[in-house]
Structure formats: structure tokens, C-alpha cells
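Please consult the sequence and structure shown here.

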Amino acid sequence: MSSPIHPIDMILRKRDGKELSREEIQSFVVGVVDGSITDARIASLLMAVFQRGLSRRELADLTSAMRYSGETFDSAFLGKFTVDKHSTGGVGDKTSLLIAPIVAAAGLADPMISGRSLGHTGGTLDKMETIPGYNTQLSLAEFGRVLQACGASMIGQTKNLVPADRILYALRDHTGTVESPNLICASIMSKKLASGLNGLVLDVKTGSGAFMRRDEDARHLAELMVATGEASGTKTVALLTRMDEPLGRFAGNWVEVWECVDILQNRAHALSADLVDLSTTLAGWMLFLGAEASSAEEGKQRATELLRDGSAYAKWLEMVRLHGGDVSVFDDPAAQHKPAATRVLKADRSGTLVSMDCTEVGWAVQRLGAGREVPGGPVAAHAGIEMHVKLGDRIAEGQPLVTMFSEDAALLDEPERMLRETLRIADQDYVRKPLVREVLTGRDVASGKQS
């Protein structure tokens with residue numbers, strides 16, 4: 001008989017920089033879920049991992065143990081290549097709303113299990129729930145039926161899907177270990193892989209609006225996630241993308257749905273060009289992984305055509321109907337935007353918009369009511385901002401920079417101050433950087449490709 005595994009032994013081994021075995025990691029995750037390991041000991045091991053890190057093998061074992069800690073979605077019955085996208089979070093980042101219907105229109109399946117707003121970043125579920133009647137809380141059986149019918153479904157994490165992650169995340173939040181790249185990777189990848197994916201495209205943000213602001217930190221996380229996905233048998237690629245300003249025209253909840261519907265209906269605003277570019281780029285990689293295109297570039301071209309010819313919009317309408325949503329609101333999405341209070345922030349001088357702290361912009365959106373003050377709290381459907389300018393634009397004194405929306409006029413003052421302080425107009429040139437900084441495939445990570 002094998003010797004029993006004691007949690008304190010695991011804590012001491014990892015504290016001293018030694019590797020944990022697959023059996024130890026599996027035992028730890030089982031104990032987390034069944035409650036046999038105390039919060040104090042879980043917290044101690046999390047801190048040891050934060051301080052000492054994990055080997056690639058340990059990370060793969062931890063992700064796998066978390067993935068199978070509860071129910072999983074078996075996508076084999078769909079008879080299609082299943083592929084999804086995950087973003088590490090940004091401001092105005094609404095690519096999921098465009099990508100899911102594009103991928104479905106191409107003949108693949110996108111089982112998208114999404115999250116809610118976190119910190120200064122928005123959440124896909126909060127956006128979708130501004131559509132009257134749209135139900136994000138489907139069972140996995142219902143999820144499967146929607147996917148079988150239309151090829152795309154966007155839901156929230158079910159109670160029994162990767163329960164280990166919910167417990168560990170709550171303790172990470174209380175123990176100062178949220179920023180651990182290994183724990184971030186295991187959290188993200190366990191949830192994505194539990195949805196039965198054949199392929200995964202990661203949008204890893206870097207810049208002033210990203211959780212990982214430094215390029216080298218974002219690249220390290222991307223490498224870990226690609227290696228972990230590939231080790232599980234899922235084709236995985238990561239794109240490092242800039243998040244130095246809000247993506248697209250709007251940031252909020254309903255306003256982001258409005259922007260995406262305009263794009264799906266071929267009415268894209270000029271300020272949505274970066275959103276369209278990134279969405280079709282990510283979708284292009286998804287089509288390539290699913291063998292619906294011979295290259296990522298060809299995949300992008302096809303994704304663009306599926307937007308233009310209305311195929312993606314037809315899938316969007318079908319998906320929303322199957323989730324119980326009222327599609328009549330898309331006839332005139334602008335008319336559905338009903339904030340109680342609006343205020344326009346204008347430029348106090350002429351020059352070029354040369355910088356902003358995008359995280360600060362995200363917090364301004366949150367303070368307008370679009371985000372949460374406490375976990376589980378409500379969000380305002382019609383709070384948010386409309387950006388009238390992009391970095392590098394020439395600005396005239398008195399020109400509108402941002403329009404703020406709120407469901408409470410008393411909430412406008414602080415966001416206005418925050419935006420005024422962070423939007424910097426100066427007499428100097430601005431050099432635009434590429435939206436996609438780098439692409440990392442499984443082969444790149446395996447070969448140790450350097451940036």
C-alpha cells in the first residue's frame with residue numbers, strides 16, 4: 001500500500017523548493033473540494049507556490065486535477081471541432097460577442113463559458129444579460145443543446161464545473177497570491193479545458209489597461225498557458241495584444257452589445273476599427289486551428305467575409321433566441337440605451353492625445369456603475385463611456401473626448417475627474433504600436449522562441 005499523503009508534507013516540500021508529485025497534487029485538489037484540507041493549509045501551499053513557483057509538469061498536473069475536480073462538458077457528440085477564445089481582461093474588450101457567431105458561421109462550435117466583471121475590466125456575462133430574457137445560467141445539458149442547434153453558446157460557470165477553482169480563487173484573493181502566473185494559468189486553463197475544447201486561442205493583454213502591464217510578464221503567462229494547453233492535447237496559440245486604450249468605441253455593458261450589433265449589421269463606426277481588426281484576427285486563428293482555413297491570414301479573410309455577408313449576424317440572432325433573448329432590441333440598439341444621466345468631457349487645449357492610463361479609464365467606467373463594488377453586487381446596464389478619440393488623434397480645444405453615461409447623476413463627478421487626470425494631450429508626435437505584439441504557438445513555446 002502507498003503511504004498516506006499529508007498536506008503539511010506538501011507545504012514543507014514546496015516551501016523548500018522541491019517538486020510535488022502528481023499524486024500529491026491530485027490529493028491536494030481532492031482535499032480542497034471535499035473540505036478535508038483546512039483553509040489555513042490551502043493558503044500556506046498557495047503562498048509556497050507563489051514564492052517557489054511550479055515546474056511545467058507540476059503546472060500541467062495541477063491544471064488537470066482542477067479541470068476534473070467536478071463535472072466537465074464532453075463535446076464529442078457535437079461532431080465538430082470545438083474552439084474558444086480567452087482574454088486576460090481589458091477595457092472595452094468585447095471581442096467574444098463577435099467571435100462566437102463568426103466561428104459558428106464557419107462551421108465550428110464555440111462552447112464559451114464566460115465570466116463577470118473583475119476589477120477594472122468588464123465581464124461578458126454582464127453584457128449579455130443586458131439583452132432582455134437572455135439566460136446565461138444554463139445547465140451543461142442545455143448548453144449542449146444550444147451548441148448542437150447553432151454552434152455557439154455563451155454561459156456562466158456552472159456550480160459543479162471546476163469547483164476547485166472557485167475555492168482556490170477566493171483564498172488567493174485573501175492571501176495576496178492572485179498575481180502568481182502559475183496559479184493564474186491553472187485557474188484559466190482548468191475552466192477552459194473543462195469545456196471540452198479541441199482548440200484554444202488566448203488573447204493575452206499587455207499595457208496600461210492589462211493585469212499584466214509589462215510585456216515580459218504577459219509573455220511569460222502566455223508561454224505557460226500555451227504549454228499547458230498543448231500538454232492536455234488541445235491545440236493552443238496565444239496572441240500578445242496591446243491594451244493601452246479602450247478597445248473600440250464603447251466601454252460598459254449594453255453599449256458594448258450595441259457596438260457589436262452595429263458591426264454584425266455592417267454599420268461599424270470608424271472608432272470600432274481596432275475592435276473589428278482584433279476580433280477577425282483572433283477568429284482567423286480559431287478557423288486555422290479548426291482546419292477551416294489554410295492559414296491564420298486566410299482565416300481572418302474568411303472571418304471578415306462572414307461579418308460582411310450577414311452569416312455571423314444570423315448566428316448571433318439564433319444563439320440569442322435559443323437563450324431566451326428578445327432579438328427585437330437589435331432593430332435599433334441605440335434606442336435601447338437609456339442612461340439617467342449623460343455628461344460630455346471636452347478637451348481643454350489643442351494638441352495630440354499621447355497617453356492615458358487605461359486601467360484608470362476602466363475604473364472610471366466601473367465607478368459610473370458598469371462594474372461591481374463588491375463581488376456578486378449589481379451592475380448598471382446603461383452605465384459606461386463612449387470614446388470620441390483614439391491615441392494619436394489630433395485634438396482641437398473644446399472637442400468632445402468622452403461621453404459618460406450613468407443611471408445615477410451623482411456618480412458622474414468622480415469618473416470625470418479620473419478621466420481628466422489621465423487623458424493627456426500634448427504638443428508632440430505619437431508613434432502607434434501594432435495591436436498584436438506577438439504570436440506564440442505550441443511549436444514556438446516548445447522551441448524556446450525568444451521575442
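## Helices α8 and α9

Helices α8 and α9 are roughly antiparallel to each other, a term for angles over 145 degrees. Their packing angle is about 155°, and the axes lie 11 Å apart; α8 spans residues 163–175 and α9 residues 181–193. The crossing of the two helices is left-handed, that is, the near helix is turned anticlockwise from the far one by less than a right angle.

In the contact (heavy atoms within 4.5 Å), Asp165, Tyr169 and Arg172 of α8 meet Leu183, Ile184, Ser187, Ser190 and Lys191 of α9. These residues comprise three nonpolar, two polar and three charged.

## Basis of the model

The model is predicted: local features need pLDDT of at least 70 and side-chain atom pairs pLDDT 80 or more, while totals for chains, interfaces and linings use all residues. Residues are numbered from 1 along each chain as its sequence is written, and side-chain values use heavy atoms, leaving out hydrogens and water.

## Helices α2 and α8

Helix α2 (residues 22–34) packs against α8 at about 80°, with axes 9 Å apart. This makes α2 roughly perpendicular to α8 (65 to 115 degrees). Phe28, Val29, Val32 and Val33 of α2 form the contact with Pro163, Ala164, Ile167 and Leu168 of α8. The contact residues divide into eight nonpolar, no polar and no charged.

## Helix α7

In helix α7 (residues 140–150), Leu140, Phe143, Gly144, Val146, Leu147 and Cys150 are buried (under 20% relative accessible area, 1.4 Å probe, protein chains only). They cover an arc of only 165° around the axis, which puts them on the same side of α7. Among the elements covering these buried residues are α5, β2, β3 and α14. Just after α7, glycine 151 has a positive phi of about 90°.

How values were computed:
Axes are lines fitted to C-alpha atoms, for helices over the stretch in contact, and angles run from 0 to 180 degrees between N-to-C directions. Helices (H or I, at least four residues) and strands (E, at least two) are DSSP runs, numbered from the N terminus. Angles under 35 degrees count as roughly parallel, over 145 as roughly antiparallel, 65 to 115 as roughly perpendicular and the rest as oblique. Ala, Val, Leu, Ile, Met, Phe, Trp, Tyr, Cys and Pro count as nonpolar, Asp, Glu, Lys and Arg as charged, and the others, Gly among them, as polar. Buried means under 20% relative accessible area, exposed over 50%, partly exposed in between (1.4 Å probe, protein chains only). The arc is that of the directions from the helix axis to the C-beta atoms.
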